[in-house]
Amino acid sequence: MPNPTPPRIRIGIHGPDIHAGKRHSAGLWPAGVAAAITYAEAEPVQLPESSERSWGEIIESLNVQGVVVVGHDSMAKRCPTNAESLCSWCHDHNIPLLAIDQGTLLLNSSHGGTLYNDLPRDLPEALQHRHPPERGLRHTINILTGTHLEKLYGEGEVVVNSEHRRAIARLARGFRISAQALDGVIEAIEATGDWYAVGVQWNAASPTSSGLDIQLFRGLIRAALAQIETGVLEEVNA
């Protein structure tokens, strides 16, 4: 008998999709998180940033199997409680999660990690991670072996469009570093154990993102499919 059609995965997006509607510089697909999810062959669903309902009620009502938490520098001025509670809820219920840009900092802080709020001041020996006159700053990161990120990008050095003033200081318990800049600044993290959670500091859905960045969304979708098919989270191969 033919294999049944895989279920249509629905991915919830929490946070502003600030690049939606913009043109990708390489013309690969439209910029924005929803567009990247669609290109990776899942259905994007916008989650409310605040609600009187619990996350369990929201996720169930929208039939969401995976979550993307997005953010940017201006979110530091806004209350991050709802995004952090969503990260914690996904952990408790084993819902695959991808955190992008400042969403990675929320993922880390929601599990007890700490942050540098101003890299030039708090870590003056760090490389230039933010260059206001030049949008889309790119620099090299090193992807560590044995991580989900290695399966998605390959081992070794990769150039990403990472520009950020804030960064992870102390890694949260239950997480490991999966990529660092050449100055040692943490650029990506992931949960250890059974929960699939990956966070990256670069702008994986912006107009300056790399064609390789679509792998982040495909990895999340494969993790969600594994949840449906087996009932337990399996490691995702690229």
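**View 1. Asp101, a buried residue in strand β4.** At 7% relative accessibility, Asp101 counts as buried, because buried means under 20%. In this predicted model, Asp101 belongs to strand β4. Asp101 is not a glycine, yet its phi is positive, at about 55 degrees.

**View 2. Asn63, in the loop between α2 and β3.** Here is another residue worth a look: Asn63 has a positive phi of about 55 degrees, although it is not a glycine. With a relative accessibility of 45%, Asn63 counts as partly exposed.

**View 3. Helix α3 and its buried side.** Residues 81–92 form α3, a helix of twelve residues. From first C-alpha to last, α3 reaches 16 Å, close to the 16 Å expected at 1.5 Å a residue. Its buried residues are Ala83, Leu86, Cys87, Trp89 and Cys90. These residues lie on the same side of α3, because they cover an arc of only 165 degrees around the axis. Among the elements covering them are β1 (10–14), β3 (66–71), β4 (97–101) and α4 (102–110). Just after α3 comes Asn94, with a positive phi of about 60 degrees.

**View 4. The packing of α2 against α3.** The two helices, α2 and α3, pack at an angle of about 70 degrees, and their axes are 10 Å apart. That angle makes α2 roughly perpendicular to α3. On the α2 side, Trp55, Gly56 and Ile59 make the contact, and they meet Asn82, Ser85, Leu86 and Trp89 of α3. By type, the contact residues of α2 and α3 divide into four nonpolar and three polar, with no charged ones.

Key
Residues numbered from 1 in each chain as written. Predicted model: local features only at pLDDT ≥ 70, side-chain atom pairs only at ≥ 80, totals over all residues. Heavy atoms only, no water. Helix = DSSP H or I, 4+ residues; strand = E, 2+ residues; numbered from the N terminus. Expected span 1.5 Å × (residues − 1). Buried < 20%, exposed > 50% of the residue type's maximum accessible area, 1.4 Å probe, protein only. Arc of directions from axis to C-beta. Contact = heavy atoms within 4.5 Å. Axes fitted to C-alpha atoms, helices over the stretch in contact; angles between N-to-C directions. Parallel < 35°, antiparallel > 145°, perpendicular 65-115°, else oblique. Nonpolar A, V, L, I, M, F, W, Y, C, P; charged D, E, K, R; others polar.
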